[in-house]
Amino acid sequence: MYADLGHFSQSSIKIAFTSLVYPALILAYMGQAAYISRHHNFENINHIGFYVSVPEKIRWPVLVIAILAAVIGSQAVITGTFSIIKQCCSLSCFPKVKIVHTSSTVHGQIYIPEINWILMILCLAVTIGFRDTKHLTNAQGLAIITVMLVTTCLMSLVIVLCWNNSIVFSLVFLLFFGAIEVLYFSASLVKFREGAWVPIMLSLFFMIMMCVWHYGTIKKYEFDVENKVSISWLLNLGPSLGIVRVRGIGLIHTELMSGIPAIFSHFVTNLPAFHQVLVFLCIKSVPIPHIRPEERFWVGRVGPKQYRLYRVVVRYGYRDVPKDDIEFEKDLVCSIAEFIRCGDSDDQNGSLDGATDHACERLSSISKGLPFQEDDDSEVNGSDSSILSTGKETYQNAVGPKAKRVRFVLPKDAQIDGEVRSELQELTDAREAGMSFITGRAHMKAKSGSGLVKKIAINYIYEFLRRNSRGSVTAANIPHASTLEVGMVCQV
């Protein structure tokens with residue numbers, strides 16, 4: 001019933017449940033109870049069942065209806081499982097899985113391939129392993145009554161926290177319904193060795209996995225925050241960052257929307273060179289179907305202007321399809337060029353006066369990037385006059401012959417100063433040299449002196465889940481010419 005909220009409205013479920021489902025359940029249970037009270041002398045307890053109470057003439061049609069109802073019920077269970085897994089992933093309580101949104105209008109309609117396969121394997125394993133409806137019934141009974149008991153406990157919290165009712169009313173509700181459900185729960189536990197152990201063992205397994213993943217994720221986030229590089233550390237390095245700046249654009253993928261990730265300091269302290277233009281790229285998925293192109297790129301500056309460090313936040317809806325390598329790189333460079341051309345609105349982004357991290361990383365929405373073209377040398381040299389004659393200005397690199405030359409086409413009324421001109425020139429040089437994508441892979445390890453439980457949880461369970469879980473979907477779809485993976489060991 002609750003799982004179908006992703007496909008149907010609340011009012012339609014209420015009408016269907018009150019007018020059809022609930023009366024049918026009451027009639028079915030009353031009819032079965034009446035039959036058992038009249039025919040209570042059974043030779044074998046296995047003969048007690050729903051189909052025994054069904055008249056022989058309509059037994060086969062009822063069986064067909066039951067099969068169809070089981071199909072519908074299984075779809076509700078599958079949909080409910082998808083919804084729960086998605087929310088657990090949002091809360092960092094479950095390893096990352098591939099989530100496919102099947103609707104552009106309803107956010108709750110999703111499909112998770114990995115979970116679908118796991119459900120199929122578990123169903124086949126339980127069915128083949130038991131080969132007895134009695135054991136299956138015992139397992140189902142304990143699972144259902146446990147869900148009802150947990151729902152009652154959570155409902156008591158909703159009464160106090162969400163409905164703002166008195167604690168006394170919540171306790172009365174919990175004691176009344178909870179006492180009844182505890183009786184059924186204890187009765188189901190008697191059948192523990194006859195099949196009821198399956199839901200308990202599965203629940204225990206998934207609970208341990210979720211707790212370990214949540215604990216490891218929190219520790220990883222704390223490590224990233226504690227080791228985040230400050231702007232003051234960056235300023236002390238100077239414009240060259242203390243290393244040789246080579247030609248090209250370096251895209252550093254990070255989940256942080258502010259601050260400098262620890263991977264940057266790790267890279268700088270271990271390698272002797274870095275790109276002349278650095279872009280901290282953060283890709284975010286928002287819970288809406290599509291993001292308009294003019295709202296997709298947000299660009300800011302990290303540190304002073306002469307450092308040539310930028311932060312770009314790219315947003316995608318869950319139905320957006322990322323572009324290929326060439327188109328994405330072109331849009332990214334165009335957005336940065338437009339940000340440079342427009343300049344900082346209040347000159348706070350590159351300020352050196354005791355600026356905080358937030359003041360140095362103010363982002364600006366880029367509705368339309370500055371267009372540029374990539375041509376051969378002969379094409380550029382032969383078309384300069386025609387471009388200038390139309391009232392447009394072109395910036396092109398003059399450093400040696402190359403197969404491709406980059407040029408930004410500016411509006412005829414554009415007024416730029418020498419500093420912006422130099423920054424655009426450096427961006428064209430970097431674009432011509434190519435782009436490299438730099439990503440970090442953190443390996444979690446418990447600190448020396450940690451307890452045995454923590455070592456097992458972090459060094460083995462969490463690392464096993466991290467290696468076998470799906471990586472960041474947005475990171476996997478980021479187009480790049482070449483990739484450099486930087487490994488780090490996080491001591492937690």
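Predicted model: local features only at pLDDT ≥ 70, side-chain atom pairs only at ≥ 80, totals over all residues.
The secondary structure of the protein consists of 13 helices and twelve strands, and of its 492 residues 35% are buried. Among contacts between residues at least 6 apart in sequence, 74% join residues that lie at least 24 apart. The protein exposes about 28,700 Å², of which 64% is supplied by carbon and sulfur atoms.

Strand 6, which spans residues 309-317, is mostly covered, with eight of its nine residues buried. This strand is paired with strand 4 (residues 273-286), to which it runs parallel and is joined by nine bridges; within this pairing, Leu278 stands opposite Leu309 of strand 6. Strand 6 also pairs with strand 5 (residues 297-301), here in the antiparallel sense and over five bridges, and Arg301 is found opposite Tyr310 of strand 6.

Among the helices, helix 6 (residues 197-226) and helix 12 (residues 452-468) have axes that come within 9 Å and cross at roughly 95 degrees. Because an angle of 65 to 115 degrees counts as roughly perpendicular, helix 6 is described as roughly perpendicular to helix 12. Helix 6 contributes Met209, Val212, Trp213, Tyr215, Gly216, Thr217 and Lys220 to the contact, while helix 12 contributes Lys454, Ala457, Ile458, Ile461, Tyr462, Leu465 and Arg466. By residue class, the contact of helix 6 with helix 12 comprises nine nonpolar, two polar and three charged residues.

Methods
Residues numbered from 1 in each chain as written. Heavy atoms only, no water. Buried < 20%, exposed > 50% of the residue type's maximum accessible area, 1.4 Å probe, protein only. Helix = DSSP H or I, 4+ residues; strand = E, 2+ residues; numbered from the N terminus. Pairing = 2+ DSSP bridges. Axes fitted to C-alpha atoms, helices over the stretch in contact; angles between N-to-C directions. Parallel < 35°, antiparallel > 145°, perpendicular 65-115°, else oblique. Contact = heavy atoms within 4.5 Å. Nonpolar A, V, L, I, M, F, W, Y, C, P; charged D, E, K, R; others polar. Areas by Shrake-Rupley, 256 points an atom, 1.4 Å probe, with all protein chains shown as cover.
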